[in-house]
Structure formats: structure tokens, C-alpha cells
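Let's take a walk through this protein model, one piece at a time. Have a look at the picture first, then read on.

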Amino acid sequence: MAKPSISKKLVSCVILDLDGTLLNTDGVVSEILKGFLGKYGKQWDGREAQKIIGKTPLEAAAAVVEEYGLPCGNDEFLAELNPVFSAQLCNIKPLPGANRLLKHLSGHGVPMALASNSPRGNIESKISYHQGWKDYFSVIIGGDEVTAGKPSPEIFLEAAKRLNREPSSCLVIEDSIPGVTAGKAAGMEVVAVPSVPKQTHLYTPADEVINSLLDLQPEKWGLPPFQDWIEGTLPTEPWYIGGPVIKGFGRGSKVLGIPTANLSTKGHWSLLSEHPSGVYFGWAGLSTRGVYKMVMSIGWNPYFNNTEKTIEPWLLHEFNEDFYGEELRLVIVGYIRPEVNFSSLESLIAKIQEDRRIAERALDLPVYSKHKDDPYLISPLHSESNHS
């Protein structure tokens, strides 16, 4: 991954993309396409997502119609999908780190623009569901306000003009390849936050590629640094996940010497798409045994090259026996680092042990220890729905 050197150009404003960068629009779009394609006896394959990310609505429609050989025109496709999509706008959640970033930049008086290939009215509707977002941006510009959308640089150059800034003093944050291409063509600094997993190698034109907004370091670009990391950890809004412990790949104990208590990913698809891969920590409740400290990885484990995103919690306690089938409840309260690849098994094990030490120490801090008493950890099964 491209790492900016300390001598990077300093910027004075930030231009952000919306869908897939600040909002988890892809999750809602996938759900809608699943239902829509089902009517034609077709199955939406998440892997096709990269063909529509960063495109204008009409280009995305054309890509889906062609890919699946649908018996309808692009306009007809859009006309049928738009009302369904509009009804779902209120359900689109901010991506992890989005609110934090916007509040931070706004609080330090950094001018921000929103530049998206979506039509302007559509952008306004989406952000109306998120408190304060409209006020964060001094400029909002949609794909219908320029002659060509991304990958043309026009939308970013127009944003710089309206911000009254030189293109070279703008930092673009983008999730798509068309967006990265547009930002570089506009002569701007570009940070890519790829929304398609395992596609990082396609983003080499960007000045930096990061795993999620949680990993952005504004100081690399001459912007005020975040001050919210505590002893190597970042507090997050608590999130909840639970289920019976299943047999994993059999490598935790055997290969790594680390007994993980794996959870099935079935039924947790939207949670997994919402949270970036990486190392998190929190509290684990086993219905018959009690509550324990826990560190976990979510992701593809590039060293083992998983084909699926997995959830692998490690309960920081010595158990005398396995507990497959027991109900495990997790409250995740903080983030440690993005998922990375390792050149050797030794370096992977060393990093996992370091993650454990960081989590163990952090969970004694009041900001995290207060969650140990969360009723979800030991409540009966039927309360699951309260936290889904």
C-alpha cells in the first residue's frame, strides 16, 4: 500500500465522495438488487458490485442490465428501482468513522465539499437523514451539475472552484476507481478507501490507500490530527453480535496456538459489510460460564487467504475444554488496527499477541470496562432482536 511520506503536500480543504465513502449505500443497493433480480430468476452476486461502484445511476443500470441479460431497457430498470431505493434512503447508515471525520474537520474549520456522481437532489435526500451533515459542507455538487461525471476530473475542479481553492491544495477521499482517477486527473491529493474487498492493488494511482475511515491520519496531509486514540485503541459505538460457537478452520489452536471461538457468518451479512476488516476488542459472554475479555479479527486473513469474511473472537481466558455449540455473545467496544498481510507465520503470531496485550490493558480502562455489565452478554436468547 502506498504510504505518504512525511513531506507530502499540505492541503487546506477536503472533498469527499458520498456513496461507499461516507454512507454504506452499497449494502442497501445490494439488498434491493437481490430482490429485483430474483423476479427474473437471477441471483445478485456481491462480487459484481465493483462493476457499479462509482458509476452514475444510468451507467450502473446499464452494467447490471447487460451483466444479467435482463429483458428491460436501462431507463425502465431505473424507473422501477428508483422508488424502491428512495423508500430505503432512511436506512442507509454512515460508514464507521464517517461521523467522527466530519465532526473533526468541521470542528477545526477545515472547508469541506461533497462531490458525488449521484444527482444533486438525490444527495440532498440521502444526507437529510444524518444530523448536521448538510451544515458540514460549504459546497455540494452532483453528477447532474457537470457535463461529465467521474472519472472525468470536472466535478472535483468545479468543487475546488466553488471552495475558492487551488486544486493542488485539495485532498479527495474516495472509495471507487473512477473517483480516484478523477481526483488525480484534477491534480489533487487522493486517499482511497476501497469499498470492494481484495481489490486494493487496483488503487495504485492514489497517494494513499487505507482500509477504512478509522485509519485516516489527517496530520499526514497537514490537517489537525485526531486526539481520540487511547493507549493504541479507538473507542467505537458498541455493536453486538452473537450465536453458537462453531468449528473454525482448525488453525487457531493448531497453527497459531491461539484458540479462537468462531461464529457463523450466516445471518450477519449486513453487520459484516458494515464493519471494516480489522482487529477489534470488547467483552464476550458465554451463557453458562460468565463474561470475559475478548479480542477479535474480522476479515479475510490475507495470510491464509480466506475466500470469505470471517469473525474470529479470541476469549482471553484459559478454558479447560472446547465449548462448541454454546451461545456466545459479543459486545465490541473498540478498534485496534486494520487487517494486514504478514510475510511469515512468526510475524503474524507476534502481532496477534501484541493485539491481545493492547486489548487486555485497554479493557481495564473505565471507557471500556463499563460495558462488561451490558445485559446483552448474559440475557436470554429471545432478546437478540433488540440489538440486530
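Helix H2 covers residues 57-68, and at 1.5 Å a residue its 12 residues should span 16 Å, which agrees with the 17 Å between its end C-alpha atoms. That expected span is 1.5 Å times one less than the number of residues in the helix. As for the labels, helices (H or I, at least four residues) and strands (E, at least two) are DSSP runs, numbered from the N terminus.

This is a predicted model, so local features need pLDDT of at least 70 and side-chain atom pairs count only at pLDDT 80 or more, while totals for chains, interfaces and linings use all residues. Residues are numbered from 1 along each chain as its sequence is written, and side-chain values use heavy atoms, with hydrogens and water left out.

Which residues of H2 are buried? They are Ala60, Ala61, Ala63, Val64, Val65 and Tyr68. Here buried means under 20% relative accessible area, exposed means over 50%, and partly exposed is in between (1.4 Å probe, protein chains only). The cover over these H2 residues includes helix H1 (25-39) and helix H3 (74-88).

Gly41 follows H1, and its phi is positive, near 70°.

Now for Leu223, in the loop between strand E6 (208-209) and strand E7 (234-246). Leu223 counts as buried because its relative accessibility is 8%. Its contacts (heavy atoms within 4.5 Å), leaving aside neighbours within four places in sequence, are Val11, Val14, Leu105, Val110, Leu171 and Pro218. Leu105 is 118 residues away along the chain, yet the two C-alpha atoms are separated by 8.3 Å.

Most residues other than glycine have a negative phi, and most peptide bonds are trans. The bond from Lys150 to Pro151 is cis, with omega near 15°.

| Residue | Phi | Relative accessibility |
|---|---|---|
| Asn164 | near 65° | 67%, exposed |
| Glu231 | near 45° | 46%, partly exposed |

Asn164 sits in the loop between H7 and strand E4 (170-174), while Glu231 is in the loop between E6 and E7.
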